[in-house]
Amino acid sequence: MSAPSRRPYPSVQRWAAELDEPTLLWVPSLDVDEDARPLAPRVRRLTQAALHVGDGIGSLDTATWLALLASPHLNVGVRLDAELVPLAEALDAVAAPSRVREIVQRWAPRSALAPARWAQPPRGPGGRQRPLEVLDADAMPVARRQLFATLGGAVAPPVTQHDHLVALWRSRTREEPVSSPAIDLASSGCIACGTCVKACPHAALRLVPAALEFSPERCRGCATCVQLCPVAALTSRAPLTWNAILASERPWWRLQELHTRRCERCGTSFASDPAPTPSSTLCPVCAERARNPFGSFVPDAPWVRERLRARAGPLHADAGHRVVEEGASEDLAYEDDDERARRDGRDQGE
């Protein structure tokens, strides 16, 4: 039997964010039959409850798990047979996503450690075991206070995964490095052309009047900025950890201080030396055109070299790049072997 596909559960995320009293949530394991379970009322306060997931506990996505773990009033336990086991001891039993496993094992959030006094279901009068309230993951209860606030037009802002990670970081009982998708960027020789800022699909880079800045919270590690930088100013080192990202109070990290001015010829802003010189009043493109008015300017970037190598052939790529820089015909640099053979054939026919 294949595992169900993961999906977000906004109702669970909203319920966990609004919780305002200590609550123990029983999460079923993969081998528990959840069919035909009664649903709890829509508006109710609970101190202990069981979660019913229609598509199976394996369908909870990472964001939903993080919302449960980030709630300061919630403890999450896993129901195995008739006992309640701390989440940290039953990650396989609930098919937790890899990121959730890593956080629980390395940070040990308080919400994942169920107290021993909650090891058994609640008991009613006479010591008889009282059945737990069962909550539907697609229709979680709404607190009265939140219900009235919603009717009054007040809507809480959405909580992002980063907000959940911040809450988990603050409530950790153990600290070990947790990997993040962000790469550790460094910059040297930036010309403030803005190529990396426009190319980043996650808006993780920005140019401010005096610097190039980087937001590791937004970075997803695609390294498009490094590949497309026309002057190879950006380099990437080892991936960042969430520990380093969350420990910093600055959402934007300064990669390089810049002194910018406007090109006297085209009006484009570019980075230059603080002390103006006749050559520093023009941007790199206009400066190259002034030095070589009949040539072409090809940036010395990795992606440009790869493009030249692919189109001109491995034996002619470097030579073609020099030909363009020396001001000869640009077509020679992009001429591949097939095109050269066709041209030679035409010359011989004539």
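**Close-ups of a predicted model**

**View 1. H1 passes H2 in a left-handed crossing.** Left-handed here means the near helix is turned anticlockwise from the far one by less than a right angle. This is a predicted model, so local features need pLDDT of at least 70 and side-chain atom pairs pLDDT 80 or more, while totals for chains, interfaces and linings use all residues. Residues are numbered from 1 along each chain as its sequence is written, and side-chain values use heavy atoms, without hydrogens and water. Helix H1 (residues 10–18) packs on helix H2 (residues 62–70) at about 15°, axes 8 Å apart. That makes the pair roughly parallel (angles under 35 degrees; axes are fitted to C-alpha atoms, over the stretch in contact, and angles run from 0 to 180 degrees between N-to-C directions). Helices are DSSP runs of H or I, at least four residues, and strands are E runs of at least two, numbered from the N terminus.

**View 2. H2 also meets helix H5 (residues 161–170).** Their axes come within 9 Å and cross at roughly 35°. On the H2 side, the contact (heavy atoms within 4.5 Å) includes Leu66 and Leu69, and on the H5 side His164 and Leu168.

**View 3. Three strands make an open antiparallel sheet, ordered E7-E8-E10.** Strands E7 (205–208) and E10 (253–257) are the edges, each pairing on one side only. Pairing takes at least two DSSP bridges between two strands; E7 and E8 (residues 211–214) have four. Leucine 207 stands opposite leucine 212 in E8.

How values were computed. Angles under 35 degrees count as roughly parallel, over 145 as roughly antiparallel, 65 to 115 as roughly perpendicular and the rest as oblique.
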